Amino acid sequence: MKRLVYILFVVVLAGCTFDDVRDFNPDLSLMFQPEMLMHVADDDVESFPTEQSFGVKAWALPVGDSWERNYQNAEEFIELSEVKSKEVLITDTSLQLTVKDTLWTFDEPIMWPTIFENLTFMAFSPYMEGCDCSVENGVTFSMNTKEQQIDMLYTCPNADKHKINNGWVVPLHFEHALCRVDFRVKHRVADNEKITLKRVTLGALHCKGEFNSLPEPTWSLDNELSKVDFFVGNYQVAKLPQEVGEYKFVIPQKLNTTVTVIYDYTTASGTTITQTLETPLMQTELKAGNSYTYTLSIGIDDVKFLKELIVD
């Protein structure tokens with residue numbers, strides 16, 4: 001695959017200043033450096049995945065005319081486009097130094113406008129059909145989490161960026177539109193007895209909704225409530241809490257539901273009894289960007305919540 005090599009003027013990299021910015025108007029390619037907050041501190045992902053692309057739109061306003069005051073009159077500068085990571089070489093001609101970095105850019109380079117315009121950017125990731133950006137509603141998309149287990153990300157408007165005053169690489173801070181939910185289990189039976197977990201099902205969950213990021217991030221939920229399995233299989237439950245199944249991405253919402261747990265209880269004599277029980281009612285609010293772990297304590301004939309962990 002061909003790589004694009006960008007040779008930049010030293011004055012950009014060195015952060016030089018000018019008495020009259022109009023004397024300096026280089027041609028610079030638009031590039032992006034994305035970042036995102038993890039759901040939990042020990043997540044496997046430490047930075048924005050290089051294999052992940054995102055969609056971006058940009059609008060232009062004259063220098064001195066801010067996005068906050070006059071976004072309605074901003075002109076679209078970049079239509080919705082996919083941006084992918086590329087390894088680029090950047091040369092500082094005064095220090096004779098070339099560095100290698102991974103930045104995100106367009107398949108065909110798009111140049112910054114003149115120094116007399118600022119750009120405002122909105123983006124979402126991963127890039128997929130059905131997502132869009134507008135000055136009125138921000139980033140918009142629809143989801144059905146029963147069918148799409150995707151960590152949907154979006155940015156707030158990154159406003160009033162100038163190719164010289166703010167640097168040619170645009171930082172994009174991605175927020176999580178969804179939250180994560182998972183379960184742990186432990187047993188409360190004697191050492192010579194056994195609990196074998198068969199199924200963990202959340203009884204009533206909104207799985208369909210429409211999202212818009214402006215004027216503030218908001219989900220409009222479908223009225224339908226669905227049962228969602230978080231674990232199906234055979235798992236011998238231990239005395240100490242252990243993760244079971246996999247986490248799921250969930251639309252932020254207020255829960256008002258029970259969890260149904262199906263398990264086999266095996267007595268000391270080897271007799272097995274299958275139990276299908278519901279937990280006490282869960283009444284809690286799930287917020288975007290948080291990770292929720294619910295621990296189920298399973299006894300001979302009851303299931304209780306041990307505790308709930310919420311990590312920002």
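The dialogue below takes up each topic with cases from this structure.

Modeller: Please keep in mind that this is a predicted model. We may begin with the sheet.

Colleague: What is the strand order of the open sheet of four strands, and is the pairing parallel or antiparallel?

Modeller: Strands of a sheet pair through backbone hydrogen bonds, in either a parallel or an antiparallel arrangement. Here the open sheet of four strands runs in the order β6-β7-β13-β14, and its pairing is antiparallel.

Colleague: How many bridges join strand β7 to strand β13?

Modeller: Five bridges join β7 (residues 138-144) to β13 (residues 208-212), and these two strands run antiparallel. As an example of a bridge, asparagine 144 has lysine 208 in β13 as its partner.

Colleague: Let us turn to charged side chains. How many salt bridges does the structure hold?

Modeller: Side chains of opposite charge can pair when their charged atoms come close. The structure holds nine salt bridges. One of them is formed by the side chains of lysine 57 and aspartate 132, at 3.2 Å from N to O. This pair links distant parts of the chain, since lysine 57 belongs to strand β2 (residues 54-62) and aspartate 132 to strand β6, 75 residues apart.

Colleague: Is lysine 57 buried or exposed?

Modeller: Lysine 57 has a relative accessible area of 11%, and therefore counts as buried, the limit being 20%.

Colleague: Where are glutamate 87 and lysine 100 found in the chain?

Modeller: The side chains of glutamate 87 and lysine 100 meet in a salt bridge at 3.7 Å, N to O. Glutamate 87 lies in strand β3 (residues 75-92) and lysine 100 in strand β4 (residues 97-105); the pair links distant parts of the chain, 13 residues apart. Glutamate 87 is partly exposed, with a relative accessible area of 38%, while lysine 100 is exposed at 57%.

Colleague: Which residue forms a salt bridge with lysine 304?

Modeller: Lysine 304 meets the side chain of aspartate 302, with an N to O distance of 3.9 Å. Both partners are partly exposed: lysine 304 has a relative accessible area of 45%, and aspartate 302 has 23% relative accessibility. Salt bridges can also share partners, and in this way Lys57, Glu76 and Asp132 are joined into one network.

Colleague: How many disulfides does a search of the whole structure find?

Modeller: The search finds zero disulfides. For cysteine 133, the nearest cysteine sulfur is that of cysteine 131, 8.3 Å away. The cut-off for a disulfide is 2.5 Å between sulfur atoms, so cysteine 133 is in no disulfide. Cysteine 133 is buried, with a relative accessible area of 2%; cysteine 207 is also buried, at 3%.

Conventions
Residues numbered from 1 in each chain as written. Predicted model: local features only at pLDDT ≥ 70, side-chain atom pairs only at ≥ 80, totals over all residues. Heavy atoms only, no water. Buried < 20%, exposed > 50% of the residue type's maximum accessible area, 1.4 Å probe, protein only. Pairing = 2+ DSSP bridges. Salt bridge = Lys/Arg side-chain N within 4 Å of Asp/Glu carboxyl O.
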